Protein chains: 2
Amino acid sequence: MPAKLNIAVLASGRGSNFEALALAATKDDYPARIVLLITDNPGAGAIRIADRMGIDRKIVDCGPSRGSMSVESSFKMKEYCTGKDVKLVCRAGFMRIVKGPLLDEFAGRMINIHPALLPSFKGLDAQKQALDYGVKYSGCTVHFVDRGIDTGPVIVQRIVPVKQNDTEEKLSARILAEEHVAYAEAVRLYAAGRLSVDGRRVLVDDPQGDR
Amino acid sequence: MPAKLNIAVLASGRGSNFEALALAATKDDYPARIVLLITDNPGAGAIRIADRMGIDRKIVDCGPSRGSMSVESSFKMKEYCTGKDVKLVCRAGFMRIVKGPLLDEFAGRMINIHPALLPSFKGLDAQKQALDYGVKYSGCTVHFVDRGIDTGPVIVQRIVPVKQNDTEEKLSARILAEEHVAYAEAVRLYAAGRLSVDGRRVLVDDPQGDR
């Protein structure tokens with residue numbers, strides 16, 4: 001059994017994707033383990049999940065600029081990650097754009113999940129955007145983080161039907177269930193060394209040849 | 001059995017979606033019939049299909065401006081349609097933006113099919129756009145035509161997986177098979193009077209309540 005890959009998760013909210021990843025990583029044959037939670041929100045539910053699961057967690061003051069982060073906080077987050085020998089950073093509902101030293105250090109080694117079938121419905125309130133547009137299917141996308149917003153190469157997508165009596169809450173819940181599966185799958189593929197990037201296309205090493 | 005709704009199809013190419021619609025409409029219980037094919041291309045394969053199936057067809061010179069149509073040709077197309085008591089106009093690979101008298105007459109009664117999951121990959125070469133972006137799923141969208149390009153309210157979408165060894169040709173063929181199903185379904189719903197539009201959302205009257 002090769003050594004497990006060390007993962008840090010960045011989260012601002014209740015932490016359901018963090019929890020799904022952490023649960024997936026408790027399995028013996030999962031190739032990654034979550035060694036660190038970093039949050040910018042002292043009230044994040046993710047903190048309680050980390051404490052319950054025995055995962056080290058850090059609260060970082062990212063500065064007053066909403067949606068952005070100070071250089072100091074980016075440096076601090078980078079130091080926390082390298083101090084834990086983190087090899088992959090997973091954004092999971094982290095409400096700030098990552099830039100500065102943290103992005104420089106983890107360029108190509110940071111992934112994010114977005115509750116839509118990118119490139120549709122980038123940015124905030126993706127589920128509401130999908131409802132307002134009137135699409136019949138939406139879903140979720142795990143992708144590498146680049147310097148754009150929700151623009152990086154796509155690793156995994158999962159499809160969710162939009163029903164005509166959907167509210168934003170109902171659709172969000174249906175997508176969230178798929179996010180948990182998609183994120184655990186994407187991290188598994190990355191940690192197992194099965195991903196390569198060709199231009200914008202993410203290829204999966206696939207012994208069965210059925211992708 | 002209520003009277004069937006009269007449909008005109010606009011096509012510029014081989015006419016595979018025209019053929020799929022025409023075949024669906026040969027069934028006794030299908031609520032629409034194709035009464036007219038209009039093409040801007042004297043070499044369109046769709047013409048041979050119309051002749052084989054005994055469907056009236058008109059070739060209209062839409063003018064030299066590629067992708068657009070002259071006012072005269074739009075007027076002529078409108079006259080052909082109203083002369084056949086057409087109630088719905090279906091674009092099926094028609095390579096010109098419809099405007100002028102034809103659009104005015106059939107506003108809200110014209111639909112189009114696009115080989116992508118709109119709003120992703122509007123415009124030309126949607127399958128290549130999807131491959132280049134690296135999405136894991138694409139598909140097709142039947143939508144009402146408005147004054148934008150591929151922007152109108154969505155009636156039916158169908159999903160197609162993108163495989164990692166896909167070429168544009170392979171992916172296009174896989175999407176095309178779903179286009180045939182999606183278009184026949186959308187026309188069936190429209191002709192049966194089961195569609196209503198609420199803002200951008202197209203609602204389907206659904207006795208089973210499972211949408």
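Contact here means heavy atoms within 4.5 Å. By that cut-off, 31 residues of chain B are in contact with 31 residues of chain A. This is a predicted model: local features need pLDDT of at least 70, side-chain atom pairs count only at pLDDT 80 or more, and totals for chains, interfaces and linings use all residues. Residues are numbered from 1 along each chain as its sequence is written, chains are lettered from A and ligands numbered from 1 in the order in which they are written, and side-chain values use heavy atoms, with hydrogens and water left out.

Start with the interface. The size of an interface is often given as the accessible area lost when the parts come together. Buried area is that loss for two parts, with a 1.4 Å probe, summed over both. Chain B and chain A bury about 2,700 Å² between them. Carbon and sulfur atoms carry 50% of it. On the chain B side, B:Tyr133, B:Gln164 and B:Arg201 lose the most area to chain A, together 28% of what that side buries.

Which elements of chain B give two or more residues to the side that touches chain A? They are α5 (126-133), β7 (154-161) and β9 (201-204) of chain B. Helices (H or I, at least four residues) and strands (E, at least two) are DSSP runs, numbered from the N terminus. β7(B) gives the most, with 5 residues. By residue class, this side of chain B divides into 15 nonpolar, 6 polar and 10 charged. Ala, Val, Leu, Ile, Met, Phe, Trp, Tyr, Cys and Pro count as nonpolar, Asp, Glu, Lys and Arg as charged, and the others, Gly among them, as polar.

Now the pairings. A salt bridge is a side-chain nitrogen of Lys or Arg within 4 Å of a carboxyl oxygen of Asp or Glu. Over all chains the count comes to 24. One of them joins the side chains of A:Asp56 and A:Lys84, at 3.2 Å, N to O. This pair links distant parts of the chain, 28 residues apart. A:Asp56 sits in the loop between α2 (45-53) and β3 (57-59) of chain A, A:Lys84 in the loop between α3 (71-83) and β4 (88-91) of chain A.

Next, the symmetry. Copies are superposed by least squares on the C-alpha atoms of residues with pLDDT of at least 70 in both. A rotation of 180° with 0.0 Å of shift along its axis superposes chain B on chain A, with an RMSD of 0.0 Å. The two copies are thus related as by a two-fold rotation axis. Of the residues of chain B, B:Ser120 comes closest to that axis, at 2.6 Å (C-alpha). Of the interface residues of chain B, 100% are also interface residues in chain A, so the copies meet through the same surface.

Finally, the backbone. Most residues other than glycine have a negative phi, and most peptide bonds are trans. A cis peptide bond joins A:Leu118 and A:Pro119, with omega about 10°. A:Pro119 is found in the loop between β5 (110-114) and α5 (126-133) of chain A. A:Phe121 lies in the loop between β5 and α5 of chain A, and its phi is positive, near 60°. In chain B, a cis peptide bond joins B:Leu118 and B:Pro119, omega about 10°.
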